[in-house]
Amino acid sequence: MSETSGQTATQTGIDPRGPQFAAALTVVVLILALLLPQPWALVVTVIQTVLFAIGAGLGVQRTPHAWLFKKFVRPRLGAPDELEDPAPPRFAQGVGLAFLVVALVGYLVGATLVAQIALGLALVAAVLNAVFRFCLGCEIYLLIRRFA
């Protein structure tokens, strides 16, 4: 096994606890985005949008969340029971990115309610992953693959 910039990985998989950890951090960021007044809500939304773009573009192993997991969390854990394909979590980052782009556009055109709904939907998905290890974007990826 080799270490990448985030999770313990081989050519075929990543530690599934890394994306779950990232989802927990995302929950915190999205709650802040919903609770803070403007312009801070917009600033936090931009930050999370950039984080999702990194995950979708470069892969979940190359995000700041993955670095935090590798540096501070992974050394305190035992080896994972199994590794997972990084493609579904990467797709999930793209889904999150789409919701956050909608939120950004909403904020920028003055449609605050649209922005908050998009943030809320992303928050629900992040909570499902962080708390129940149910990755909604990953499940969508698998459904698309099954029907494609």
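**Exercise 1. Describe the second largest pocket of this predicted model.**

Let's begin with its volume: the second largest pocket holds about 210 Å³ of space.

Next, look at the residues around it. The lining has 13 residues, and those nearest the centre are Glu 84, Pro 89, Arg 133, Cys 135 and Cys 138.

Then trace the lining back to the helices. Helix 4 and helix 6 each supply at least two residues, and helix 6 gives the most, with three.

Finally, sort the lining by class: eight residues are nonpolar, one is polar and four are charged.

**Exercise 2. Work out which helices line the largest pocket, and which gives the most.**

Start again with volume, which is about 430 Å³ for the largest pocket. Its lining comprises 29 residues, with Phe 52, Ala 92, Gln 93, Ala 125 and Asn 129 closest to the centre.

Now for the helices: two or more lining residues come from each of helix 1 (17–35), helix 2 (40–58), helix 3 (64–73), helix 4 (87–108), helix 5 and helix 6 (136–147). Helix 4 gives the most, with six residues.

To finish, check the classes: 19 lining residues are nonpolar and 10 are polar, while none is charged.

Conventions: Residues numbered from 1 in each chain as written. Predicted model: local features only at pLDDT ≥ 70, side-chain atom pairs only at ≥ 80, totals over all residues. Heavy atoms only, no water. 1 Å grid on protein atoms, 1.4 Å probe; cavity = no way out; pocket = protein on both sides within 12 Å on 5 of 7 lines; lining within 4 Å. Points joined across faces, edges and corners; volume = space filled by probe spheres on them. Helix = DSSP H or I, 4+ residues; strand = E, 2+ residues; numbered from the N terminus. Nonpolar A, V, L, I, M, F, W, Y, C, P; charged D, E, K, R; others polar.
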